[in-house]
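The following note sets out points for a colleague to check against the coordinates. The points run from the chain as a whole to single residues.

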Amino acid sequence: MERLNSPLGRFLVCITLIQFIASIILSTSQSHINETSTTTTKAFFIFGDSTVDSGNNNYIETIPENKADYKPYGQNGFFDEPTGRFSDGRVIVDFIAEYAKLPLIPPFLQPSADYSNGVSFASGGAGVLAETNQGLVIDLQTQLRNFEEVRKSLAEKLGENKAKELISEAIYFISIGSNDYMGGYLGNPKMQESYNPEQYIGIVIGNLTQAVQTLYEKGARKFGFLSLSPLGCLPSLRALNPEASKGGCFEAASALALAHNNALSNVLTSLEHILKGFMYSNSNFYDWLQDRISNPTNYGFNDGVNACCGSGPYGGIFTCGGTKKVREFSLCDNVGEYVWWDSFHPTEKIHEQFAKALWNGPPSSVGPYNLENLFSNNEIKLTIADVVDDPELEPGQFQY
């Protein structure tokens, strides 16, 4: 645990300094609009957990809960067989690659993978902290080391100058943190005894900030972030809710996710003004998904609560596929009507809808840049007027 304490102290000092500097710069730069050339970026690097894992866990020794290379995963026919994606088909980064006119981005561990257009380092079950599912996943620090391998490989293949250009123009998409709070904190009594929620969030955010800075030091400049969902409304955590009989979400889990998102948003706003050339697209996945959970019929769904694949209350027992301790599971006939695919993961339909929002959606869903801006180098930032005039943006909902 001593290893966790020092990042927290460094984080708190760092954030105080960053916020002070940012408060001075922000007043003169909030309404600034830049427009540059529209050279298309052709590389996409992905870091994270099961929300964006395209199959790395197929190649590691881990528990069945961290794998998705068996039926009914991938059942919708887009792929010939299960790929290791935790979905009935594609995940959000597959759609983003399509919109950017890139091929499917391969997992890092796939034999003979071509890294020219990018690579996914993501691993189902991974966390920001190495202690989260330790020994069973590819944690974020290991993902960063794997990126360094790819960077060296690209330099050998393309030459140092072309590799540096590709690295600096690429998009770095990060989707991680849920497992730190679900298993790493709520499922870990010792961690709860050692740290209160605010301290633990500081540790996670501090380590995530350090990862972003590491990528920046290696040449990365353009970042995309998938914020955490309302974790307590996942079928698995809804079923664990002490008042599950009333049908509500597990509010303690959702509160951690929301606090994490708010802290990350503040850090990114500050980093934009501290790190020269740093650009980012952050998302409001929490509110976006909560709306579909609460009002599924408004968005082409009929069920925002239950999992299509699983067992027990809300399909919250993680049995999908029958490879775990409990073999029996139920599978719905109409997956397109469900928000949730299994006990933890949304359906391909949700992935596609939010990919569209990240690509060119409204300020209530994405900002200060959308991903289309970053991939095309259209550096058109939100102004104060954009936020004020957007009818979908409630006061305090999504600030920069």
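1. Surface and burial. The accessible surface of the chain amounts to about 17100 Å², and carbon and sulfur atoms contribute 51% of that area. This is a predicted model, and every value in this note is to be read accordingly. The chain has 400 residues, of which 57% count as buried.

2. Secondary structure and contact range. The chain contains 13 helices and 10 strands. Among contacts in the chain with a separation of 6 or more, 73% are between residues 24 or more positions apart.

3. Helix 5 and helix 7. Two packed helices are described by the angle between their axes and the distance between the axes. Helix 5 covers residues 178-186 and helix 7 covers residues 197-217; their axes come within 12 Å and cross at roughly 130°. Helix 5 is therefore oblique to helix 7, since angles over 145 degrees would be needed for roughly antiparallel. The crossing of helix 5 past helix 7 is right-handed. On the helix 5 side, the contact is formed by D180, Y181, G184 and Y185, which meet P197, Y200, I201 and V204 of helix 7. Sorted by class, the residues in the contact of helix 5 with helix 7 are six nonpolar, one polar and one charged.

4. Helix 10 and helix 11. A second pair is formed by helix 10 (residues 285-294) and helix 11 (residues 348-360), whose axes come within 12 Å and cross at roughly 135°. Helix 10 is thus oblique to helix 11. Helix 10 passes helix 11 with right-handed geometry. In this contact, F285, W288, L289 and R292 of helix 10 meet I350, Q353, F354 and A357 of helix 11. The contact of helix 10 with helix 11 comprises six nonpolar residues, one polar and one charged.

5. Surroundings of T51. Which residues does T51 touch, leaving aside those up to four places away in sequence? The contacts of T51 are V91, I92, S175, L226 and H351. T51 itself is found in the loop between strand 1 (44-48) and helix 2 (92-99). The C-alpha atoms of T51 and S87 are 8.8 Å apart in space, while the two residues are 36 residues apart in sequence.

6. Cis peptide bonds. The bond from K71 to P72 is cis, and its omega is near 10°. P72 is found in the loop between strand 1 and helix 2. A cis peptide bond also joins G367 and P368, with omega about -5°. P368 is found in strand 10, which spans residues 366-368.

7. Positive phi at S112. S112 is a residue other than glycine with a positive phi, near 60°. S112 is placed in the loop between helix 2 and strand 2 (118-120). The relative accessible area of S112 is 81%, so S112 counts as exposed.

8. Positive phi at Y314. Y314 is likewise not glycine, and its phi is positive, near 60°. The loop between strand 7 (309-310) and strand 8 (330-331) holds Y314. Is Y314 buried or exposed? With a relative accessible area of 17%, Y314 is buried, because the cut-off for buried is under 20%.

Note on methods:
Residues numbered from 1 in each chain as written. Predicted model: local features only at pLDDT ≥ 70, side-chain atom pairs only at ≥ 80, totals over all residues. Heavy atoms only, no water. Axes fitted to C-alpha atoms, helices over the stretch in contact; angles between N-to-C directions. Helix = DSSP H or I, 4+ residues; strand = E, 2+ residues; numbered from the N terminus. Parallel < 35°, antiparallel > 145°, perpendicular 65-115°, else oblique. Left-handed = near helix turned anticlockwise from the far one by under 90°. Contact = heavy atoms within 4.5 Å. Nonpolar A, V, L, I, M, F, W, Y, C, P; charged D, E, K, R; others polar. Buried < 20%, exposed > 50% of the residue type's maximum accessible area, 1.4 Å probe, protein only. Areas by Shrake-Rupley, 256 points an atom, 1.4 Å probe, with all protein chains shown as cover.
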